[in-house]
Amino acid sequence: MMAEISEAERKMQFLYALRSKGVTDKNVLQAMETIDRGPFIKGIFAERAYEDMPLPIACGQTISQPSVVGLMTQALKLSHRDKVLEVGTGSGYQAAILSRLARRVYTVDRHSRLVREARALFDTMKLTNITAITGDGSFGLPDQAPFDRIIVTAAAEDPPGTLIDQLKVGGIMVVPVGQSNAVQHLIVARKTEDGLEYDELRQVRFVPLLEGLGKDT
Ligand code: SAH
């Protein structure tokens, strides 16, 4: 039988894994310490919530690996004044972390069931600065644009032009780019007066950014 480990020990191991994979920003680590990943994972995988692994969620989707959530959040260089758009709500975990570091978070998913479940968690956790919306996030949210920061948590074949248009000058967008089922690269794009500056963070594996609304399963 596995030895029971205490809550404090589990938390320490979780934070240690984040640091050892390059999540070093104090504010990001603090947000990830505050937001419990447990409630975002339902069913048989719940007991693995504190491992640094992506896990299955409803609608055939996945909750990202915590260290990847940390690295993407860190790359956004958030300030408490920022209005952020997330494409790909999924479990809501990434949005919850963003909500601790930004002023306002808009998160969009093509599966209404995921949006509904994430909303319920945000309510329970009293994360009142998140708005979760069902829709095709590749079109962004024209009504709320422009955004200071945009994070896409599904893989696009190219950095989506519509989203770049909805990013402020001086803004940062983080997006996994590449074919699904192949190697994808985590791209950090900074918008300047003259165009975009790109940086590549590391290889990742995300579910694909798909068109239209999803069928809830
Ligand atoms: N950020 C999530 C993980 C996202 S998994 C978390 O913290 O748990 C990727 C999500 O992107 C899936 O839920 C999928 O439904 C969604 N997605 C894929 N294409 C989309 C699109 N065009 N618009 C909105 N959401 C999309």
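**Entry 1: the model.** I am working with a predicted model, and I began with the ligand.

**Entry 2: who surrounds the ligand.** I looked up the neighbours and found 28 residues around the ligand. The closest are Ser-91, Asp-109, Asp-136, Gly-137 and Leu-210. I then sorted the shell by residue type: 10 are nonpolar, 14 are polar and 4 are charged.

Entry 3: With Arg-110 I had to look at the backbone, where an N or O atom lies 3.3 Å from a nitrogen atom of the ligand.

**Entry 4: cover.** How much of the ligand's accessible area does the protein cover? On its own the ligand has 580 Å² of accessible area, and the protein covers 99% of that.

**Entry 5: where the ligand sits.** I checked the pockets next and found the ligand in the largest pocket. I also noted which elements give two or more residues to the shell around the ligand: strand S2 (62-63), strand S3 (83-87), helix H4 (93-101) and strand S4 (104-109).

**Entry 6: the pocket itself.** I noted about 510 Å³ of space in the largest pocket. Its lining is made of 36 residues, and Thr-62, Thr-153, Ala-154, Phe-206 and Val-207 are the ones nearest the centre. By type, the lining has 15 nonpolar, 15 polar and 6 charged residues. Each of these elements supplies at least two lining residues: S2, helix H3 (66-75), S3, H4, S4 and strand S9 (195-204).

**Entry 7: a cis peptide bond.** I turned to the backbone and came upon Pro-146. The peptide bond that runs from Ala-145 to Pro-146 is cis, and its omega is near 0°. I located Pro-146 in the loop between strand S5 (130-134) and strand S6 (147-152).

**Entry 8: a positive phi.** What is the phi of Lys-77? I read a positive value of about 45°, although Lys-77 is not a glycine. Its place is in the loop between H3 and S3.

Technical notes
Residues are numbered from 1 along each chain as its sequence is written. This is a predicted model: local features need pLDDT of at least 70, side-chain atom pairs count only at pLDDT 80 or more; totals for chains, interfaces and linings use all residues. Side-chain values use heavy atoms; hydrogens and water are left out. A residue is near a molecule or strand if one of its heavy atoms lies within 4 Å of it. A polar contact is a pair of N or O atoms within 3.5 Å; within protein, one must be able to donate a hydrogen and the other to accept it, and residues adjacent in sequence count only if both atoms are side-chain atoms. Accessible areas come from the Shrake-Rupley method with a 1.4 Å probe; for residues, only the protein chains shown count as cover. On a 1 Å grid over the protein atoms alone, a cavity is a set of points where a 1.4 Å probe fits but cannot get out, and a pocket is an open set with protein on both sides within 12 Å along at least five of seven lines; lining residues have an atom within 4 Å of a point. A molecule sits in a cavity or pocket if more than half of its atoms lie within 2 Å of its grid points. Helices (H or I, at least four residues) and strands (E, at least two) are DSSP runs, numbered from the N terminus. Ala, Val, Leu, Ile, Met, Phe, Trp, Tyr, Cys and Pro count as nonpolar, Asp, Glu, Lys and Arg as charged, and the others, Gly among them, as polar. Grid points are joined across faces, edges and corners, and a volume is the space filled by probe spheres set on the points.
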